[in-house]
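I opened my notebook to go through one protein model. My notes follow in the sequence I made them.

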Amino acid sequence: EETSYVYSNLGPHNVDCGDPFWLEGCTEDYCTKQNDATEHAGKIMSIPYFISALFSPLLGHIVDKIGKRAQLATLASSILLAVHLTMALS
């Protein structure tokens, strides 16, 4: 399969940073910044999981002491629903 690098209207969707032609060619800065942005986005997206891992044991201990797991689970789901609706409607 022969790859053609001739485009009448070049856009970001045409650039394949995995292809050495693009990675080492004229779009080297673009590909570097795209890879950096992808890595940064991954770090940002991992924050909720990190927070969950830190606070789950503490909150689990608190729920064990207080009791009322069903009511707390319903409250947590309601708060999550309210937050998502707020983000969706704003």
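**Charges**

I began with the charged side chains. The protein chain carries 5 positive and 10 negative side chains, and the centres of the two sets are 33 Å apart. Lys and Arg count as positive, Asp and Glu as negative, while His and the chain ends are not counted. I took the place of a charge as NZ of Lys, CZ of Arg, CG of Asp or CD of Glu.

**Ground rules**

I noted that this is a predicted model, where local features need pLDDT of at least 70 and side-chain atom pairs count only at pLDDT 80 or more, while totals for chains, interfaces and linings use all residues. Residues are numbered from 1 along each chain as its sequence is written, and side-chain values use heavy atoms, with hydrogens and water left out.

**Overall build**

I looked up the elements next. The protein chain has four helices and zero strands. From the N terminus on, they run α-α-α-α. Helices (H or I, at least four residues) and strands (E, at least two) are DSSP runs, numbered from the N terminus.

How does the radius of gyration sit against that of a compact globule of 90 residues? The globule would have a value near 12 Å, but the protein chain has 23 Å. The radius is taken over C-alpha atoms, and the globule rule is 2.2 Å times the number of residues to the power 0.38. Along the principal axes, the C-alpha atoms fill a box of roughly 65 × 30 × 25 Å.

**Surface**

I checked burial. Of the 90 residues, 9% count as buried. Buried means under 20% relative accessible area, exposed over 50%, and partly exposed in between (1.4 Å probe, protein chains only). The protein chain exposes about 7900 Å², and carbon and sulfur atoms supply 64% of it.

**The disulfide**

I counted one disulfide, which is a pair of cysteine sulfur atoms within 2.5 Å. Cys17 and Cys31 form it, with their sulfur atoms 2.3 Å apart. Cys17 lies in the segment before helix H1 (20–23) and Cys31 in helix H2 (residues 28–45), so the pair ties together parts that are 14 residues apart in sequence. The torsion about the S-S bond is about -85°, so the disulfide is left-handed.

Are these cysteines buried or exposed? Cys17 counts as buried at 12% relative accessibility. Cys31 is buried too, at 0%.

Most residues other than glycine have a negative phi. I found that Lys68 has a positive phi, near 55°. Lys68 is in the loop between helix H3 (47–66) and helix H4 (69–89). Lys68 is exposed, because its relative accessible area is 59%.

Notes
Accessible areas come from the Shrake-Rupley method with a 1.4 Å probe; for residues, only the protein chains shown count as cover.
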